[in-house]
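Take a moment with the sequence and the 3D view.

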Amino acid sequence: MDLSNMAAAVYLRKSRAEDGLSVEEVLSRHRETLGRYAAEHGIRIVETYPEVASGESLYARPKMLKLLEDVEAGNYDCVLCMDMDRLSRGSMREQGIVLEAFKASGTLIVTPEKVYDLADEADEEYAELKTFLSRREYKIINKRLRRGLQQSIADGCYVANAPYGYRRARTGRKPTLEIYEPEARFVRTMFELYAAGYGCVSVARQVNALGARPHRAREFSRNSVKKILDNPVYIGKVVWNQKSHIRKGTRGNGKHITVYNPKEKWLVVDGLHPAIVSRELWDKVQAVSEGRYCPSRNDGTVKSPLAGLILCENCGGHMQRLTFPKGGAYLICMRPGCCASAKYAFVEERVLGTLAEMLREMTMNLSGTKAERNTALETALKSVRAELAAAEQAKARLYDLVEAGAYSVTEFRERMDRAKARIAELERREEEARTALERAERWDIARQAAAIRTVLEEYPSRDVPGKNALLKSVISCVWYTKAKKTKPADFHLRVLLK
Ligand SMILES: [Zn+2]
């Protein structure tokens, strides 16, 4: 297996067999051995987790817990350790948790002797791993997990980040969650609104208006609301196996992504933390949800030739492809009330049409010198910079005007917000113009034209991930806009080439 350029974590731990030596001695020797192995195989070591504590249980091994959290987050391609034993000590159920984290995130376990890929069920090495645990033990782990060794699984979940509405806490020595009221009230509102018949888009809009802010995004979207409504954590349960990690380079994905598993695959058990919504409200929401059409979930397969390429010019977010039982596929901005959507097929056709047009222009311009072409780009960059300077001056003047009493504070805020938005947009355009020029200076137009020609020729014969890869080979992104209540084909695309 080619391990070159993989991002790796190193886990160091003294085993019982090495009792004669001090922890420091053992760890530094292992660090050296693994460092040498990494260098020989071109592996990049990103982080080292030296375990100084000597406990057998997972909770007596703080570095292991941190490592597991980072492995689950998909931070590494592989983890280097002296042998399998170092990772999977502890009780059987804890071994199950450790192995599951590696399996679900597709992280390899690399030992000087052998490389284990737990995500690849067909892998013979995986079979060997099962024997490592012995078939019987493995069965017991699985069975116990199914029956619900609640405590241990729950603890495992509490190690990760707290879901919206909760904060991490401890009861005694056990990690758990406590209700975080400033967020929890929005969770209750979401459930109540949905049970009252509002759709996810409308629920998102209403809680955003009330001031709710999710952890990792600017606003709630229909997807993030749906995830909250679907998550049994809010009735005091913990869910195991809710997410899968799709490794880079599989199913047509260019990078590592996380997807939600279908509910049938979840393992739901009682947790230690308090519920935010009542069982009654939860059941009502689930009943409403079952009766509604829900667009297909992302299972990590590239289903759209335009995946990852189209951005909303209005909000900068990624446009998504959604299919509806009637009317087929649409391209939609996930931010409620943002851009109008368009038929997917129209956008795909337009992207290809734009490429063809660009190719035609390039072929015509091939006669011009590089210097002539660059002059046009330089002029464009200069004019954006002039606009930007003017916008910044206008913004500075606002302070004088408000001091002079020309505006009320409300007016001032509105104008300031507008000025900031304008500057942000100009900064984006400046960056684009600058990179276009930089690119033009290194890039050979004839080669670019040839690349586009190949894309257009091969596109019809490729499957969906193949189409996506072709487009990504020449396009860096496409900005999309469409005003509300306009004709189906009245959208505008700005295709930026690589
Ligand atoms: Zn948008």
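This is a predicted model: local features need pLDDT of at least 70, side-chain atom pairs count only at pLDDT 80 or more; totals for chains, interfaces and linings use all residues.

Residues are numbered from 1 along each chain as its sequence is written.

Some terms come up at once. Helices (H or I, at least four residues) and strands (E, at least two) are DSSP runs, numbered from the N terminus. Two strands pair if DSSP finds at least two bridges between them.

Start with the sheet of five strands. It is open, and its order is β2-β1-β3-β4-β5. The pairing is mixed. Which strands stand at the edges? They are β2 (44–50) and β5 (115–116). Each has a single partner strand, so one side of each is left without a neighbour in the sheet. Look at β5 again. Two bridges join it to strand β4 (residues 108–110), and the two run antiparallel. Here Ile109 stands opposite Tyr116 in β5.

Contact means that the C-beta atoms of two residues, placed from the backbone, lie within 7 Å. Helix α2 (residues 62–72) lies across β1, β2 and β3. It runs at about 145° to β2.

Next comes an open sheet of three strands. Its order is β12-β16-β17, again with mixed pairing. At the edges stand β12 (310–312) and β17, each with a single partner strand, so one side of each lacks a neighbour in the sheet. The twist averages 25° from one strand to the next. Three bridges join β12 to β16, and these strands run parallel. Leu311 stands opposite Trp479 in β16.

Finish with two single residues. Asn5 lies in the segment before β1 (7–12). Its phi is near 70°, a positive value in a residue other than glycine. Is Asn5 buried or exposed? Asn5 counts as exposed, because it has 10 C-beta neighbours inside 10 Å. The cut-offs are 20 or more other C-beta atoms within 10 Å for buried, 12 or fewer for exposed, and partly exposed in between, with C-beta atoms placed from the backbone. Lys485 lies in the loop between β16 (475–481) and β17 (492–497). Phi of Lys485 is near 55°, also positive. With 7 C-beta neighbours inside 10 Å, Lys485 counts as exposed.

Conventions. Axes are lines fitted to C-alpha atoms, for helices over the stretch in contact, and angles run from 0 to 180 degrees between N-to-C directions.
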